[in-house]
There are 2 protein chains.
Amino acid sequence: MDITASMVKELREKTGVGMMDCKEALKECGGEIAQAVDYLRKKGIATAQKRGGRATSEGQVQSYIHGGGKIGVLVEINSETDFSAKTDDFSEFVKNITMHIAAANPICVDRESIPEDILEKEKEIYATQARESGKPEKIIDKIVEGKMKKFYTEAALLDQPFVKNPDLTIQDLINEMMAKTGENIIIRRFTRYMLGDSDE
Amino acid sequence: MDITASMVKELREKTGVGMMDCKEALKECGGEIAQAVDYLRKKGIATAQKRGGRATSEGQVQSYIHGGGKIGVLVEINSETDFSAKTDDFSEFVKNITMHIAAANPICVDRESIPEDILEKEKEIYATQARESGKPEKIIDKIVEGKMKKFYTEAALLDQPFVKNPDLTIQDLINEMMAKTGENIIIRRFTRYMLGDSDE
């Protein structure tokens with residue numbers, strides 16, 4: 001089938017990917033826009049993942065203040081080049097992440113960074129709950145495992161469903177940005193303050 | 001001498017203090033506005049310090065982003081009442097502190113919070129420098145003490161000279177806000193990110 005200029009334009013707008021790649025993707029996918037988006041996403045992510053070892057020292061430090069000063073978020077998100085970091089797409093992405101953190105209150109960026117003592121305490125609570133509700137001992141571990149999976153989606157930013165579109169996780173949003181930029185993208189660190197809630 | 005309404009008005013605008021206190025201050029100071037400001041400031045600080053034990057759980061969480069996303073600061077500053085926290089004076093004060101932190105890069109809020117290992121390292125460096133420049137052993141301690149005083153004004157936010165007016169320390173700015181509001185004011189915590197400078 002013929003790949004028209006308007007199809008290429010639509011795909012470019014959806015993905016931010018260059019014209020030649022869009023043309024190729026549409027050819028591969030028989031002109032189906034949705035399939036071509038997936039194709040480019042996978043290809044883009046594959047490229048970015050290959051670059052996983054490359055330095056990500058550019059990006060943006062941004063903030064978001066909620067409720068006129070009740071909640072504040074500071075975040076650093078890295079890309080490989082200053083060029084990508086300065087695009088409107090990247091700024092919009094960073095803004096979405098800061099607003100998400102204000103609303104969803106994650107403990108840390110990824111599940112590997114959750115402190116061991118918090119994990120142990122959670123596991124103990126779930127095990128005790130299961131025992132007290134009379135579950136047989138041999139399935140306690142399975143129950144705890146299931147509960148912990150849910151806990152990760154509440155505690156780890158990358159595992160959280162995006163508040164503005166719960167069908168996507170924050171990791172999905174990052175994957176999209178990696179596909180768009182062809183660069184490795186990392187949420188390096190964040191801090192969230194709630195007024196009167198300091199841990200001192 | 002007569003204390004006119006316009007004198008009281010001028011003093012109120014300068015200090016934010018109530019009418020009756022302004023009248024009294026002007027009487028005590030023979031109608032001299034500048035002296036009356038000092039009088040109220042001292043009195044105000046005294047009042048606020050008496051309240052030192054009172055809970056400060058109101059205030060503002062605010063942020064400042066410098067250089068389009070190169071440096072970011074998040075700060076929590078507490079007052080006793082939401083009323084004080086919402087005034088323009090307080091917002092201006094908070095803004096000044098966040099911008100100061102971005103520029104002056106303090107290690108922590110007060111000198112008591114500087115980690116012991118950093119202090120030890122500093123002391124060692126100063127002692128070594130003094131010895132290597134041939135200073136006699138008996139005055140090394142004195143030299144180190146002097147250098148540490150300077151280090152505190154570089155490392156501890158409250159001891160730092162305010163970047164917009166180095167005649168005042170940050171503690172002086174806080175004292176002014178305590179005088180204006182008659183409330184205890186505390187810089188609770190801050191975080192400063194510089195792009196690409198994470199400690200991970």
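Modeller: In this predicted model, helices are DSSP runs of H or I with at least four residues and strands are runs of E with at least two, numbered from the N terminus.

Biologist: How many helices and strands are there in chain A, and is the chain a compact globule or more spread out?

Modeller: Read along the sequence, chain A follows the pattern α-α-α-β-β-α-α-α-α-β-β-α-β, which amounts to 8 helices and 5 strands. The globule rule gives 16 Å for 200 residues, whereas the radius of gyration of chain A is 21 Å, so the chain is more spread out than a compact globule.

Biologist: Which residue of chain B forms a salt bridge with Lys70(A), and where does that residue lie?

Modeller: Lys70(A) lies in the loop between strand 1 (58-66) and strand 2 (71-79) of chain A, while its partner belongs to helix 4 (residues 82-85) of chain B, so the pair joins two chains. Lys70(A) counts as partly exposed at 33% relative accessibility, and the closest N and O atoms of the pair are 3.3 Å apart, the partner being Asp82(B).

Biologist: Is Glu76(A), which forms a salt bridge with Arg189(A), buried or exposed, and what is its relative accessible area?

Modeller: The closest N and O atoms of Arg189(A) and Glu76(A) are 2.7 Å apart, and the pair links strand 5 (residues 186-194) with strand 2 of chain A across 113 residues. Residues under 20% relative accessible area count as buried, and Arg189(A) falls there at 11%. Glu76(A) is likewise buried, with a relative accessible area of 0%.

Conventions. Residues are numbered from 1 along each chain as its sequence is written. Chains are lettered from A and ligands numbered from 1 in the order in which they are written. This is a predicted model: local features need pLDDT of at least 70, side-chain atom pairs count only at pLDDT 80 or more; totals for chains, interfaces and linings use all residues. Side-chain values use heavy atoms; hydrogens and water are left out. The radius of gyration is taken over C-alpha atoms; the globule rule is 2.2 Å times the number of residues to the power 0.38. A salt bridge is a side-chain nitrogen of Lys or Arg within 4 Å of a carboxyl oxygen of Asp or Glu. Buried means under 20% relative accessible area, exposed over 50%, partly exposed in between (1.4 Å probe, protein chains only).
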